[in-house]
Amino acid sequence: MPISTWLSIPLLLAGAFFFLGGTIGMLRFPDVYTRLHALTKADNLGLGLITGALVLEADGWAVRAKLLLIWILVLAATATLCHIVARAALERGIRPWRRP
Amino acid sequence: MAEAYMALAAFLVVNVGAGLWRVARGPTPADRMLAAQLFGSTGVAVLLLLAEAADAPALRDVALVFALLAVVAGIAFVKLGWSQDPLAEDDHAD
């Protein structure tokens, strides 16, 4: 196997781990703010790691640039949406969770 | 490598399926919408993996559209789909 494959396999596994963490947080966290945190951070890092692995394996700089652009777009979109949803939830009177 | 990509894509689809539990459970409308966002970010990863595994570059464009649609859907939900009434229900049940 070429060296890029050896580099991309750990990235893929780490990406899968972070997606799994995001899903578990989505299911286990107590309120909408903490779920937003799991969804928008862990999943975006997982997507970044998987994109990194695909960049290593991709043939051609156009494809690599496109993969990175997709990741950056998802990052910007999800961060914006995270703030919009969290602010809307606050305006609607949902109190952030506190340790009981 | 194509098999590894396919396996990882299948694993991510299982993740999305687990997120469906949150859609059913709620409790607030925002929680249900968040599961749709999970579909957005995980779906992008699945499509990018499939584009590489199946050698179908058009799927990367589909991933791009998914990324855009997820945020548009979220903003439409906040502005139109979520009523302004303060929610009396307890959000910290579990």
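Analyst: In chain B, 54% of the contacts with a separation of 6 or more are between residues 24 or more positions apart (contact: C-beta atoms, placed from the backbone, within 7 Å). In chain A, 66% of the contacts between residues at least 6 apart join residues at least 24 apart. Keep in mind that this is a predicted model, where local features need pLDDT of at least 70 and side-chain atom pairs count only at pLDDT 80 or more, while totals for chains, interfaces and linings use all residues. Residues are numbered from 1 along each chain as its sequence is written, with chains lettered from A and ligands numbered from 1 in the order in which they are written.

Chain B has three helices and zero strands (DSSP runs numbered from the N terminus: H or I of at least four residues for helices, E of at least two for strands), so from the N terminus on you read α-α-α. Of its 94 residues, 37% are buried (20 or more other C-beta atoms within 10 Å of a residue's own; 12 or fewer is exposed, in between is partly exposed, with C-beta atoms placed from the backbone). For one spot in chain B, take B:Val62, which sits in helix α3 (residues 58–81). B:Val62 has 16 C-beta neighbours inside 10 Å, so B:Val62 counts as partly exposed. B:Leu47 is 15 residues away from B:Val62 in sequence, and their C-alpha atoms are 7.3 Å apart.

Chain A also comes to three helices and zero strands, in the pattern α-α-α. The radius of gyration of chain A is 17 Å, well over the 13 Å from the globule rule for 100 residues, so chain A is more spread out than a compact globule (taken over C-alpha atoms; the rule is 2.2 Å times the number of residues to the power 0.38). Along the principal axes, the C-alpha atoms of chain A fill a box of roughly 55 × 25 × 15 Å, and 39% of its 100 residues count as buried.

Inside chain A, α1(A) and α2(A) pack with axes 8 Å apart at about 165° (axes are lines fitted to C-alpha atoms, for helices over the stretch in contact; angles run from 0 to 180 degrees between N-to-C directions). That makes α1(A) roughly antiparallel to α2(A) (over 145 degrees; under 35 is roughly parallel, 65 to 115 roughly perpendicular, the rest oblique). The residues of this contact of α1(A) with α2(A) split into 15 nonpolar, eight polar and three charged (nonpolar: Ala, Val, Leu, Ile, Met, Phe, Trp, Tyr, Cys and Pro; charged: Asp, Glu, Lys and Arg; polar: the others, Gly among them).

Now for the chain-to-chain side. 39 residues of chain A are in contact with 39 residues of chain B. On the chain A side, α1 (3–28), α2 (32–57) and α3 (61–91) each supply at least two residues, with the largest share, 13 residues, coming from α3(A). That side of chain A has 25 nonpolar, eight polar and six charged residues.

Zoom in on α1(A) and helix α1 (residues 2–25) of chain B: their axes come within 9 Å and cross at roughly 10°, which makes α1(A) roughly parallel to α1(B). From α1(A), residues including A:Leu12, A:Phe19 and A:Met26 meet residues of α1(B), among them B:Leu8, B:Phe11 and B:Trp21. This contact of α1(A) with α1(B) divides into 12 nonpolar, three polar and one charged.

Terms used
Two residues are in contact if their C-beta atoms, placed from the backbone, lie within 7 Å.
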